[in-house]
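Me: Please take me through the model below in questions and answers, with the cut-offs of each term stated.

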Amino acid sequence: MSGPQYRLPAHALTGGRIDRDRPLGFSFNGERFTGYAGDTLASALLAYGSFPLARGFKYHRPRGIFGTGAEEPNALVQLETGGRSQPNLRATQIELYGGLTASSVNAWPSVEFDLMRVNDWLSPIFPSGFYYKTFMGAGIGAGRWWRLFEPFIRRAAGFGRAPAAPDPDRYERMNAHCDVLVVGGGPAGLSAALAAANRGSRVILADEQAEPGGDLLAGDRSIDDAPAMDWVAAALGKLDAAPDVTVLRRTAVAGLYDDNFATAVESVGERFGPGAPEHLPRLRLWRIRARRIVLATGAHERPYAFANNDTPGVMLGNAIRHYAGRYAVAPGRQAVLGTNNDSAYRTALLLAQAGLAVTLADARETPPAALADAARNAGVAVEAGCVVSAVVGGRRVRGAKVGRVLPDGEISGAPRAVEADLVGVSGGWNPALHLASHRGAKPVWNEAQACFAPADLTALGVGAAGAAAGAEILADCLEQGYAAGRDAARAAGRTKRTRKPALKTDDGAAGAPIRPLWAVAERRSGGIGGKAFVDLQNDVTVKDVALAARENYRSVEHLKRYTTLGMGTDQGKTANVTGLALMGMETGRPPDAVGTTTFRPPYTPVPFGALAGRDRGALFDPVRETPMFDWHEANGAVFEDVGQWKRPYAYRRGGEALEAAIDREVRAVRNAAGVMDASTLGKIDLKGPDVVTLLNRVYTNDWETLKVGRARYGLMCHEDGMIFDDGVTARLADDHYLMTTTTGNAATVLGWLEMWLQTEWPELRVFATSVTEAYATATVAGPEARRLVSGLDSDIDWSDEAFPHMAVRTGTVLGAPARVFRVSFSGEASWEINVPAHCGPALWQALIDGGATPYGTEAMHVLRAEKGFIIVGQETDGTVTPHDLGMGWAVSKRKDFIGKRSYKRPDTARPDRKHLVGLLPLDSSTVLPEGGQIVNDPAQEPPVTMLGHVTSSYKSPSLDGGFALALLKNGRNRMGDTVHVLRLDEGADPARVVAPAFYDRDGGRMRG
Amino acid sequence: MLLIHCPWCGPRDESEFGYGGEADIARPPDPDALSDAEWADYVFMRTNTKGRFKEQWVHIHGCGRWFTLVRDTVTHEHGEAGVFGGVEPEADG
């Protein structure tokens, strides 16, 4: 690659806003380049000429840089490598930094030699819908062909690659509130922010570029007879100095949501690349709530289509102006500009001043005299009534054809060849109304300006100003911006009166209206040859739109899906309106009758990292640890996550295998004494005279009879009669109860009680308070447990007479106030000792010192399953009633409760529902798979009759073999039958249906 | 994201709230007196309103109180919140 030969020398108008004293080296596709601070990757590359840096999506034709900002369809790059790599960034929006590394995304194997170019030569057989017609149609074996070719097609059509390594960068999230959010820092946005700030509003101005100024950054405008950028600098000075104004530079508003909530992404460390200062996040996601919003988002220039308009060197006209004026880059010597409106004249003047030979083809028969004269005086060849009809070249522009365009759009006669190495095209302007569209507003077609304008969103507190609202001249932008900012401040309650500034602009003599023009060449004037693209990113041609019309895909939604027009990372910013207009011409309708595009957030792609912020890794979800966590960790605990809690699953001693540890823990509880950390159980303190009424309504069983000092097990159901929680509730005093819930459901149950208390039964006098974290709970269980707790320093009488099963006692343990529940989930005599959380470690240590074996959740599961005790969420799944579990004993017949009426519904009353049963595998060494489906006959021809599934399955040290709990259709009436449990891979295991209780069926041990 | 006016805490982001579905679904005083169809209507059936819809919300990550809100399901416009059971927030909480 030769040097940056297209960088303009520094002089008054084309000196640019780059810092020539700060050259920056970077690499693109492995080659070394140099740009300057202030460049984008695109401008720095363009200084070397309009070489191909991408390949078309479908035909793999060479593509170059086309625009200057978010609208860019071609110049997608993969930025950096490794975990930091980002795909599909627009080179036009990447600020250059020293050492930057980037590569093309859509070229295989390389941008210079692209194998897929064959698609272009074969394009007659690749029309719209080709893949689907060929591979997914109704033909025999079409699906198989698709499966065979899909990976190849996907690779051929791929954009960038998601990084495989973890992202080493940090992202942040900020919440902000303001009276007025101004989106866009061009003349309208700055004017709006000033007006709102002058009224004393809290203002946030978000501008996506490295520096605000918008169109004024091109450097060829003046305000009050001085360079317009002086006005920008003064405006920013005022805004930066104002105490209640935040100017967010490099911040793209990505989405607008209900009640004027906006999300925006600020580029912070990103512009420094991998060498960014450590303290800076890469990106910062702003969540902004504004009373009023002013959209000053500007407009995107659109091209008109002509043959080979995708050749590198064909660019948007105003993009060329910005590269020349802002970045001092003009990638050519001989420019041909095609336009149908006034805006290209500034481009022509600037290029002429920079020394280029310029031809300006204006489709209008009578261009505005003042503009045309000024251009001619500057040496521009103005050709009225003419269009660019084709480009000659291939890998870059080598010439253009300019022809006379007739009133009906036909080219008159043979077009004239013009020498050119740079072609600019301006087909009009599309207000950037994406954010207004996020709020659900359908754009409105403006016939005179041939564009969609945003609908009036005043009622939602959203206003638009400047080019975003269709303004075409600078004076209107400043004026509208001021009015929008003032109105927004007023509506936000800021009534301080201010004086409107009178600004003189260089808009000059009145221009002429646009001559709508969407495509030349291919559509009517066959014979010119070459593809004319509507959507450069998705390789949709004028012909494709006509084909869609012929095949009756005429609505905007069908057009999009059939041709892919408007899809991809640019979402058709330069293509949509042209596509609609062409479809309208094909079908004899105005563009808005074809439909309008519904834009959805985000405006430009947002990296996942920015959305995740700090919520990743260890901070993804809160971690809850019990007071005894440190002991567990120091003593071999293997943890499992139960909700957010870390619970010991088992404690491994020395080199012990996990299974051996579980086995040992189960035996310790059955034969001696074990201790489990049960602190995570949900605990809800209930106080008030109506607690018993509440309990009667939310639990299936009866609570009138529960005496002070006693505890009872209860099942909680929804109104559909299905179990959603269970637990033991104790009566501590006449009007004071303590409810326990399952670990995972603590918050849900509290919310459930509160909902009923507040919305349905406000007359009940009950306070419900979560006290889960206030207590540490140690459950001591086993034949030696009583001896062990009796040895604690305590005033509690632990004898069976004084403290029987299902009793609760308060007193002191080790000097700490304690509540002790004698309840059993293991089937052994068992005491749950609750002490204030900070006393938990001391209690735990005392029990260990007394000889208790710590056991984890898996031993607990085995112990309870041997007893046939259920776990909500394991034996139940939201479709299981108490009767299904054989727990009709816990369902009151005397009172009403939530869910009771549902047991009379025919389906819940069926006698052959799925019932909880026990399963014993015929081969006792088998452990049936949890979740395994139960069938009568594994050899049955599919569809096999499914009878239920295994809910819990373990190897039992007590039974010396595998056993399981299961939900089995009509199970209680099938005792003794043999059923088959399908393995997760292949085959099935036979098992005998038994009662769901395997150990100490009369419960003598836990009462002992 | 809606900006919901909690009657007790004032305007807060929607993310602080839990959604409770259609409001004014009163629990039948005597469920046993209902036919299966009537009971099923109470348990399962909700109107799928297009337009103004009275619903209940809870300020779950705030004061924990339930309240009602009329929201337009098409435009998301919503009005003042209502309270349950005649419990009014204090004038100057």
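Me: Which residues of helix 23 of chain A are buried?

Reply: This is a predicted model, in which local features need pLDDT of at least 70 and side-chain atom pairs count only at pLDDT 80 or more, whereas totals for chains, interfaces and linings use all residues. Residues are numbered from 1 along each chain as its sequence is written, and chains are lettered from A and ligands numbered from 1 in the order in which they are written. Helices (H or I, at least four residues) and strands (E, at least two) are DSSP runs numbered from the N terminus, and a residue is buried if 20 or more other C-beta atoms, placed from the backbone, lie within 10 Å of its own, exposed if 12 or fewer, and partly exposed in between. In helix 23 of chain A the buried residues are Thr857(A), Glu858(A), Ala859(A), Met860(A), Val862(A), Leu863(A), Ala865(A), Glu866(A) and Lys867(A).

Me: Why is helix 23 of chain A largely enclosed by the rest of the structure?

Reply: Helix 23 of chain A spans residues 857–867. The helix is largely enclosed because nine of its eleven residues are buried.

Me: Which elements do the buried residues of helix 23 of chain A pack against?

Reply: Packing rests on contacts, where two residues qualify if their C-beta atoms, placed from the backbone, lie within 7 Å. For the buried residues of helix 23, the partners in chain A are strand 31 (637–642), strand 32 (645–651), helix 18 (658–671), strand 33 (674–677), strand 46 (948–956) and strand 47 (961–969).

Me: In what order do the six strands of the closed barrel of chain A run?

Reply: Two strands pair if DSSP finds at least two bridges between them. Strand 44 (residues 914–921) and strand 49 (residues 988–994) of chain A run antiparallel and are joined by four bridges, with Gly918(A) opposite Val994(A) of strand 49. The pairing in the barrel is antiparallel, and the order is 44-47-46-45-48-49.

Me: Which strands stand at the edges of the open sheet of chain A?

Reply: Five strands of chain A form this open sheet in the order 2-1-7-5-6, with mixed pairing.

Me: Which residue of strand 20 of chain A is the bridge partner of Leu360(A)?

Reply: Strand 19 (residues 357–362) and strand 20 (residues 381–384) of chain A run parallel, with four bridges between them. In strand 20, the bridge partner of Leu360(A) is Val382(A).

Me: What distance separates the centres of domain 2 and domain 3 of chain A?

Reply: Domain bounds come from an automatic or database domain assignment, which gives domain 2 (171–299 + 431–491) and domain 3 (301–427 + 512–594) in chain A. Taken over C-alpha atoms, the separation of their centres is 29 Å.

Me: How many residues of chain B are in contact with chain A?

Reply: On the chain A side, 19 residues take part. On the chain B side, the number is 20.
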